[in-house]
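Colleague: I have not looked at this one before. Can we go through it together?

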Amino acid sequence: MAVGTDVQTEAPRRRRPALSPSRASDFKQCPLLYRFRAVDRLPERPSKAQARGTVVHAVLERLYGLPTAERVPAAAHAMLEPTWADLLAREPGLSEIFDDAADAAEVHAWLASATPLIDGYFELEDPRRLEPDACELMVETELDSGVLLRGFIDRVDVAPTGEIRVVDYKTGAAPREIGEAKAMFQMKFYALALWRLRGVVPRRLQLMYLADRQNLAYTPDEAELTRFERTLDAIWQAILRAAKSGDFRPNQTRLCDWCAHQALCPVYGGTPPEYPGWPEPDPGDESAVDRAD
């Protein structure tokens, strides 16, 4: 290199603020919860059930990386421990589900509790008969209104005739009537994103409840997804209005019982931290725990 040559490095590209399924659901549920997660980015200690769901999702993703004939329950069971080790390396915060006194036997027993969920998956379908188009697919698309959508889809299947199936695995223990409504909102979000990206309305949205070994399927249409697009537009405009003033108001519901931020909520006598302003670069990011919900 010649003496005196200026070396210029390209600044990292900032990603535009986006709307994700989890953050959109947060705002619908409670604008203050949205602020705590997307703006303040307050840490939340994952539960053992949430972390177990993250492991199961990762195992099922890896399962489809195996040759077709090897996609059997024993292979999935054998993936549990190495998958957990890899997740800890990427997201060390997951280790907080155990206290300092936890030993290897406790961790092993917790991992073993994921086995029935994996077995539930194999009861619902045979992965040796499937060749997914994508697993853990990141989708990002801009609506005509300018709203940027971003999310991760557990699995996308495409039939030889072109029909698309969107599959989402559910391992959580949320009350079914609440959990299914939230999950279907998430699935319509994915269906809309795929429609805008590929020009095809997914033929089937399929939720696979691994714990109780049941499928919940839904068939969307263009008119419904167009209405849903307007819903997302309205949510994003409401977020932007709140963002200008910092006025993210709490909304008390029975879901407050599970909120990690009650101590900071005015409804429960708390005081939120000082509003830091609209976040940069991207309040739409989701963690692995979000996607395994």
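Colleague: Let's start with Trp-236. Is Trp-236 buried or partly exposed?

Modeller: Keep in mind that this is a predicted model. Trp-236 has a relative accessibility of 8%, and because anything under 20% is classed as buried, Trp-236 counts as buried.

Colleague: Which residue forms an aromatic pair with Trp-236?

Modeller: Trp-278 does, and the pair is edge-to-face. The ring centres lie 6.0 Å apart, with 65 degrees between the planes.

Colleague: How many aromatic pairs does the structure hold?

Modeller: There are 10. One of the ring pairs is Tyr-34 with Phe-248: their centres are 6.0 Å apart and their planes are at 20 degrees.

Colleague: Why does that pair count as stacked?

Modeller: Planes under 30 degrees apart count as stacked, and the angle here is 20 degrees, so Tyr-34 and Phe-248 are a stacked pair.

Colleague: What does the pair tie together?

Modeller: Tyr-34 belongs to helix α2, residues 31–39, and Phe-248 to the loop between α9 (222–245) and α10 (288–291), so the pair ties together parts that are 214 residues apart in sequence.

Colleague: Are these two buried or exposed?

Modeller: Tyr-34 is buried, with a relative accessible area of 1%. Phe-248 is buried too, with 5%.

Colleague: Which residues do ring pairs link into a cluster with them?

Modeller: Phe-27 and Tyr-275 join Tyr-34 and Phe-248 in the cluster.

Colleague: Phe-27 is in which helix?

Modeller: Phe-27 is in α1, which spans residues 21–29. Helix α1 packs against α2 at an angle of about 140 degrees, and their axes are 5 Å apart.

Colleague: Which residues meet there?

Modeller: From α1, Arg-23, Asp-26, Phe-27 and Gln-29; from α2, Pro-31, Leu-33, Tyr-34, Arg-37 and Ala-38. By class, the contact has five nonpolar, one polar and three charged residues.

Colleague: What about Ala-38, buried or exposed?

Modeller: Ala-38 is buried, with a relative accessible area of 1%.

Colleague: Change of topic. In what order do the strands of the sheet come?

Modeller: The order is β1-β2-β3-β4-β5, in an open sheet of five strands with mixed pairing. The edge strands are β1 (134–142) and β5 (214–218), each pairing on one side only. On average, neighbouring strands are turned by 40 degrees against each other, direction ignored.

Colleague: How many bridges join β4 to β5?

Modeller: Five, and the two strands run antiparallel; β4 covers residues 204–209. Gln-206 stands opposite Ala-217 in β5, and Met-208 has Asn-215 as its bridge partner.

Colleague: What is in the turn of that hairpin?

Modeller: Four residues lie between β4 and β5. Arg-213 is in the turn, with a positive phi of about 60 degrees.

Colleague: One last thing. What lies over the face of Trp-195?

Modeller: Arg-196 does, at 4.2 Å from the ring centre.

Definitions and conventions
Residues numbered from 1 in each chain as written. Predicted model: local features only at pLDDT ≥ 70, side-chain atom pairs only at ≥ 80, totals over all residues. Heavy atoms only, no water. Pairing = 2+ DSSP bridges. Axes fitted to C-alpha atoms, helices over the stretch in contact; angles between N-to-C directions. Phe/Tyr/Trp six-rings, centres within 6.5 Å; stacked < 30°, edge-to-face > 60°. Buried < 20%, exposed > 50% of the residue type's maximum accessible area, 1.4 Å probe, protein only. Lys NZ or Arg CZ within 6 Å of the ring centre and 35° of its normal. Contact = heavy atoms within 4.5 Å. Nonpolar A, V, L, I, M, F, W, Y, C, P; charged D, E, K, R; others polar.
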